[in-house]
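Reader: I have a new model open on my screen and would like to learn how to read it. Could you walk me through it, one feature at a time?

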Amino acid sequence: MTEKIPQHRHCAECNRAFVGEGRYCSPDCGTTSIANLKRRKRQLIILYAVSVIVLIAALVVVNS
Ligand SMILES: [Zn+2]
């Protein structure tokens, strides 16, 4: 059972199928995706910072 679908893309944000150019079905999805990307990047930086702090704290405890 193969459905015949015309040439289409899937939106990188909402994953909806759409016909057209670009990675997103609408400019709104592009904006949302960029906002999510920025938030994820910030979360990654926070996670990294926390890991470093925990590592330093562990080293201080071991050395004292
Ligand atoms: Zn979309």
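Author: Gladly! Let's begin with a term: two residues are in contact when heavy atoms of theirs lie within 4.5 Å. Keep in mind that this is a predicted model.

Reader: Which residues is Ser33 in contact with, leaving aside its neighbours within four places in sequence?

Author: Those partners are Glu13 and Tyr24. Ser33 itself sits in helix 1, which covers residues 27-63.

Reader: Is Ser33 buried or exposed?

Author: The idea is to look at relative accessible area, where buried means under 20% and exposed means over 50%. Ser33 has 10% relative accessibility, so this residue counts as buried. Buried residues make up 9% of the 64 residues in the chain.

Reader: Thanks. Now the overall layout: how many helices and strands does the chain have?

Author: There is one helix, and there are two strands. As for overall form, the radius of gyration is 21 Å, well over the 11 Å that the globule rule gives for 64 residues, so the chain is more spread out than a compact globule. Along the principal axes, the C-alpha atoms fill a box of roughly 70 × 30 × 10 Å.

Reader: And what share of the contacts between residues at least 6 apart in sequence join residues at least 24 apart?

Author: That share is 0%.

Reader: I can see a metal in the picture. Which residues coordinate the zinc ion?

Author: Four cysteines do, each through its SG atom: Cys11, Cys14, Cys25 and Cys29, at 2.3 Å. Their spacing in sequence reads C-x2-C-x10-C-x3-C. Within this set, Cys14 and Cys25 link distant parts of the chain, eleven residues apart: Cys14 belongs to the loop between strand 1 and strand 2, and Cys25 to the loop between strand 2 and helix 1. Cys14 is partly exposed at 33% relative accessible area, and Cys25 is partly exposed too, at 28%.

Reader: How do I read the geometry of such a site?

Author: Start with the ideal: four tetrahedral donors have angles of 109.5 degrees at a metal. Here the angles among the four donor atoms of the zinc ion run from 106 to 113°, and the site is tetrahedral.

Reader: What about charged pairs? How many salt bridges does the count come to?

Author: To count, a side-chain nitrogen of Lys or Arg has to be within 4 Å of a carboxyl oxygen of Asp or Glu. That rule gives one salt bridge. Glu21 and Arg9 form it, with their closest N and O atoms 3.6 Å apart. Glu21 lies in the loop between strand 2 (17-18) and helix 1, and Arg9 in strand 1 (residues 9-10), so the pair ties together parts that are twelve residues apart in sequence. Glu21 counts as exposed at 67% relative accessibility, whereas Arg9 is partly exposed with 34%.

Methods:
Residues are numbered from 1 along each chain as its sequence is written. This is a predicted model: local features need pLDDT of at least 70, side-chain atom pairs count only at pLDDT 80 or more; totals for chains, interfaces and linings use all residues. Side-chain values use heavy atoms; hydrogens and water are left out. Helices (H or I, at least four residues) and strands (E, at least two) are DSSP runs, numbered from the N terminus. Buried means under 20% relative accessible area, exposed over 50%, partly exposed in between (1.4 Å probe, protein chains only). Donors are N, O and S atoms within 2.8 Å of the metal (3.2 Å for Na, K and Ca); water is not among the atoms, so sites may look incomplete. Four donors count as tetrahedral if all angles lie between 85 and 135 degrees; four count as square planar and six as octahedral if opposite donors are over 155 degrees apart and all others between 65 and 115; anything else is irregular. The radius of gyration is taken over C-alpha atoms; the globule rule is 2.2 Å times the number of residues to the power 0.38.
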